[in-house]
Amino acid sequence: MRPQIIDRSHDQTYMRMALALAAEGAQLGEVPVGAVLVQDGQVIGQGFNRPITDSDPSAHAEMVAIRAAARAVGNYRLPGSTLYVTLEPCSMCAGLIVHARVMRVVFGAPEPKAGIVQSQGQFFGQGFLNHRVLVEGGVMAEACGQVLSDFFRARRAKP
């Protein structure tokens, strides 16, 4: 098997798109997390957190982006794709990423309480999984973390 060549040259561009989506979610009162799914250099899915808006606890940014991508390409498997997300994925989203066969996850800020990719565990490295996901964390971590800090600071300041 040939080693996979990873093109990191557009990581910041796609992370900026994810940050813009996070800002859209914040305007709706959602925790500002955005996600963009790219395959063959094309954005095939995107989304932001929507659990409050949609009354759906599974409507995390990653879930919204992957669902949109699967519909767009007409396949529940998304091989060769890269998911850009502003916050380290949780266990629910990590499981979905494996089932969708996403090749690579690039995240911004770590999630020390519930992040399952690096902070609270290394889910993608588990031997029982039938798909391996490449991970790159910390891309624009400061900007991604600042969006969340600003959101929660403003929320706490409200009477």
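Helices (H or I, at least four residues) and strands (E, at least two) are DSSP runs, numbered from the N terminus. The model is a predicted one, in which local features need pLDDT of at least 70 and side-chain atom pairs count only at pLDDT 80 or more, while totals for chains, interfaces and linings use all residues. Residues are numbered from 1 along each chain as its sequence is written, and side-chain values use heavy atoms, with hydrogens and water left out.

**Exercise 1. Locate Gln39, classify its burial and list its contacts.**

Step 1. Gln39 belongs to strand β1.

Step 2. The classes are buried (under 20% relative accessible area), exposed (over 50%) and partly exposed (in between), with a 1.4 Å probe and protein chains only. Gln39 has a relative accessible area of 16% and is therefore buried.

Step 3. Contact means heavy atoms within 4.5 Å. Apart from neighbours within four places in sequence, Gln39 touches Ile44, Val73, Leu78, Pro79, Gly80 and Ser81.

**Exercise 2. How many salt bridges does the structure hold, and where do Arg50 and Arg104 find partners?**

Step 1. The total is 6 salt bridges.

Step 2. Arg50 pairs with Asp54 at 3.0 Å, N to O. Asp54 is partly exposed at 37% relative accessibility, and Arg50 is partly exposed at 23%.

Step 3. Arg104 pairs with Glu136 at 3.4 Å, N to O. Because Arg104 lies in strand β4 and Glu136 in strand β5, this pair ties together parts 32 residues apart in sequence. Arg104 is buried, with a relative accessible area of 2%, while Glu136 is partly exposed at 23%.

Step 4. Salt bridges with shared partners join Arg8, Asp11, Arg104 and Glu136 into one network.

**Exercise 3. Count the aromatic pairs and classify the pair of Tyr14 and Tyr84 and that of Phe123 and Phe124.**

Step 1. Rings of Phe, Tyr and Trp (its six-membered ring) pair if their centres lie within 6.5 Å; planes under 30 degrees apart count as stacked, over 60 as edge-to-face and the rest as tilted. The structure holds 4 such pairs.

Step 2. The ring centres of Tyr14 and Tyr84 are 5.1 Å apart and the planes stand at 35°, so this pair is tilted. It links distant parts of the chain, since Tyr14 is in helix α1 and Tyr84 in strand β3 (residues 81-87), 70 residues apart. Tyr14 is buried at 12%, and Tyr84 is buried at 3%.

Step 3. Phe123 and Phe124 are edge-to-face, with 5.8 Å from centre to centre and 70° between the planes. Ring pairs also join Phe123, Phe124 and Phe128 into a cluster.

Key. A salt bridge is a side-chain nitrogen of Lys or Arg within 4 Å of a carboxyl oxygen of Asp or Glu.
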